[in-house]
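Thanks for making time, everyone. I'd like to walk you through one protein model today, so let me put it up on the screen.

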Amino acid sequence: GRRFWAGSQCPKAPKYGYTYKEPLWIGVFSCVGAEVLILLIWVVYKYLREIPIRRMRHGEPSGFTTGTASAAAAVSSEKIAAKEKPADVESKTSKASSDDTGSESALLVKGFKNDFLGWIGFTSVLLVSVGWIVWIGFWIGDYYGTLGEADSLAHYDSGLLDETIIPIWLFALVWLIVCCIFQRRIRNFFRIECLPSEGAYVQIERELNEMKVSSVSSKIVAYTKRIEDGFSKLTRSNFHVKTCRIERTPHTNLRYFNYMCTRYVLNEDTRQFLPYKFDLGVVNSQLRRHADGLTSEEASSRFELIGPNFISVYVPNFAVAFVLEMSQFFYLYQIMVMWIYFYWNYFILGVVDISIILLSALVKVFVSVRSELRIKRMAEHSEPCDIRRDGKWQTLSTIDLVPGDVFKITAGMHVPCDAAVLGGNIVADESSLTGEPLPIRKFPIRNDQGVFDQHGASKINTLFSGTMASQALPTTAADGSVSEATGLCLHTGTQTDKGQLIQDILFPQAISFIFDEQLRLVFCILVLYAIIVF
């Protein structure tokens with residue numbers, strides 16, 4: 001007779017799939033479709049609103065009014081060169097010129113205005129970013145049965161669940177990578193570009209010039225470096241991008257913003273934002289003419305142009321600093337990898353790895369915040385000071401000092417600015433700035449035609465910000481007149497040697513080591529390996 005083997009007549013297991021008409025998928029497709037529609041509407045709307053600024057950039061008629069400057073001149077003001085000089089803005093004796101602090105390379109400045117549709121688009125991007133993480137967690141929860149029966153959303157088919165969660169994870173990873181690459185530009189993408197002189201915000205781009213400690217003479221490493229340079233040029237990731245809010249001075253209503261602890265003020269003649277520096281003279285006799293100090297009006301005008309003699313250092317609290325640290329690509333990528341660990345049932349290993357990631361982030365944030373607080377205490381030091389205003393001495397704060405002010409120097413005083421010695425017998429301790437172990441005697445400048453060079457021959461006549469006056473005594477002339485220990489304020493804030501030192505600490509130059517160059521090659525190998533294996 002006919003024989004039947006066990007199982008020979010068993011039907012094949014049914015192959016389950018989605019109809020994509022399930023309420024779950026309808027909801028997902030609705031959210032994705034809404035986000036795509038919002039982005040498309042915004043791109044078209046932004047393009048139409050920015051037609052005038054694009055025409056102005058190409059020198060075509062636009063309909064924009066730019067005050068005293070022409071349209072072409074206003075658009076050209078987007079690039080601010082570090083050595084460019086604006087027109088005079090104050091008295092005949094005080095010329096305002098651009099500061100030489102900061103990078104030697106030009107700053108690319110763009111103006112932006114808020115828009116309600118842009119706010120909606122930016123909010124949608126934030127919600128979608130969070131939604132991807134929640135969506136992955138939703139499917140992993142289904143795998144473990146925390147949302148009901150295990151694999152119930154995938155029709156109890158583990159293979160179908162694999163085919164579902166892996167594409168979702170890849171889409172989420174790509175979305176987060178794009179957001180990380182353009183994170184400093186996303187907010188302004190959802191604003192309307194305009195002239196910097198007319199915007200509520202300015203986006204400042206400064207090219208990062210990487211300093212190489214040593215290089216590797218390898219063709220493969222050089223090739224990967226060219227690939228990275230091409231990618232950086234395409235995405236403009238080789239630029240440091242900072243968005244600053246434009247503010248107004250209280251009395252003269254001048255528009256300005258603060259960038260790298262320096263105030264940039266709008267020059268109404270050139271329609272450019274520039275840092276200002278007051279020329280008090282180049283010879284000793286010209287500096288001597290300022291021995292009577294300033295009037296209150298002159299001091300107020302200069303104060304609004306250069307800002308307070310105070311380097312404000314922003315240090316976020318621990319919670320904010322931790323969130324900012326975890327928003328970096330390294331940590332986001334690690335967390336994304338942990339989702340795969342959880343999905344493949346490596347739950348304990350995933351918990352351990354996440355604990356290590358969080359612990360390392362906490363330690364790094366703790367150390368960095370503590371270091372920044374020390375810098376903040378050093379940069380934001382202030383104390384009472386006697387300043388000569390309107391022909392009489394007034395007790396004010398060192399924060400109120402502006403170039404041209406005359407102030408008294410007392411023993412034990414931390415010099416609040418770069419100053420020329422006008423009178424008195426002064427001994428300065430410069431060890432905190434230059435490392436010089438011995439105190440240095442400072443002499444008053446002569447009333448002659450000698451050229452004043454604070455870093456050259458006139459160094460013995462100059463007090464530098466951040467140093468300490470160990471001794472400050474009055475001197476008696478041959479005619480019996482007494483000269484108090486006084487100084488003429490030359491530079492304040494980031495224009496001083498101390499300010500430039502703090503600026504270098506807060507905004508260091510990028511340095512490339514051999515390890516960094518070889519790491520590019522390792523990263524490329526890992527990417528190729530992942531693509532081949534996947």
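Predicted model: local features only at pLDDT ≥ 70, side-chain atom pairs only at ≥ 80, totals over all residues.

I'll go from the overall picture to the salt bridges, the cores, the surface patch and the cysteines.

Residues are numbered from 1 along each chain as its sequence is written, and side-chain values use heavy atoms, with hydrogens and water left out.

So, the overall picture. The protein has 15 helices and 25 strands. Those are DSSP runs numbered from the N terminus, with helices being H or I of at least four residues and strands being E of at least two. Of the 534 residues, 38% are buried. For burial, the cut-offs are under 20% relative accessible area for buried, over 50% for exposed, and partly exposed in between, with a 1.4 Å probe and protein chains only. If you take contacts (heavy atoms within 4.5 Å) between residues at least 6 apart in sequence, 72% of them join residues at least 24 apart. The accessible surface comes to about 29,900 Å², and 63% of that belongs to carbon and sulfur atoms. Accessible areas here come from the Shrake-Rupley method with a 1.4 Å probe, and for residues only the protein chains shown count as cover.

On to charges. How many salt bridges does a search of the whole structure find? Eleven, where a salt bridge is a side-chain nitrogen of Lys or Arg within 4 Å of a carboxyl oxygen of Asp or Glu. Have a look at R49 and D115, whose side chains meet at 3.2 Å, N to O. R49 sits in helix α1 (residues 23–49) and D115 in the loop between β3 (107–113) and α4 (116–144), so this pair ties together parts that are 66 residues apart in sequence. R49 is partly exposed at 39% relative accessibility, whereas D115 is buried at 13%.

E268 and R271 make another salt bridge, at 2.7 Å from N to O. There, E268 is partly exposed at 38% and R271 is buried at 11%. Then there's E380 with K376, where the closest N and O atoms are 2.9 Å apart. E380 counts as buried at 18%, and K376 as partly exposed at 25%. Salt bridges with shared partners also join K46, E50 and R54 into one network.

Now the inside. As background, nonpolar side chains in soluble globular proteins tend to be buried together. The largest nonpolar core here has 23 residues, and W135, I136, W139, I140, W169, M336 and W339 have the most contacts inside it. By nonpolar core I mean a set of buried Ala, Val, Leu, Ile, Met, Phe, Trp, Tyr and Cys residues joined through side-chain atoms within 4.5 Å. Which helices each supply at least two residues of this core? They are α1, α4, α5 (158–181) and α11 (329–343), and α5 gives the most, with eight residues. Zoom in on W139 and, leaving aside neighbours within four places in sequence, you'll find contacts including Y18, L24, W25, L153 and I168. Apart from that core lies another, of 17 residues, among them F407, V415, V421 and C489.

While we're on α4, S124 is in that helix too. S124 is buried, at 8% relative accessibility, and beyond neighbours within four places in sequence, S124 is in contact with E35 and I38.

Out on the surface, there's a nonpolar patch made of M211, I511, F513, F515, L519, V522 and L526, with about 660 Å² of accessible area together. Patches take residues with over 30% relative accessible area and no salt bridge, joining like charges within 9 Å and nonpolar side chains (Val, Leu, Ile, Met, Phe, Trp, Tyr) within 5 Å. Helix α15 (residues 514–533) gives the most to the patch, with four residues. F513 lies in the loop between β25 (511–512) and α15, and is partly exposed at 43%.
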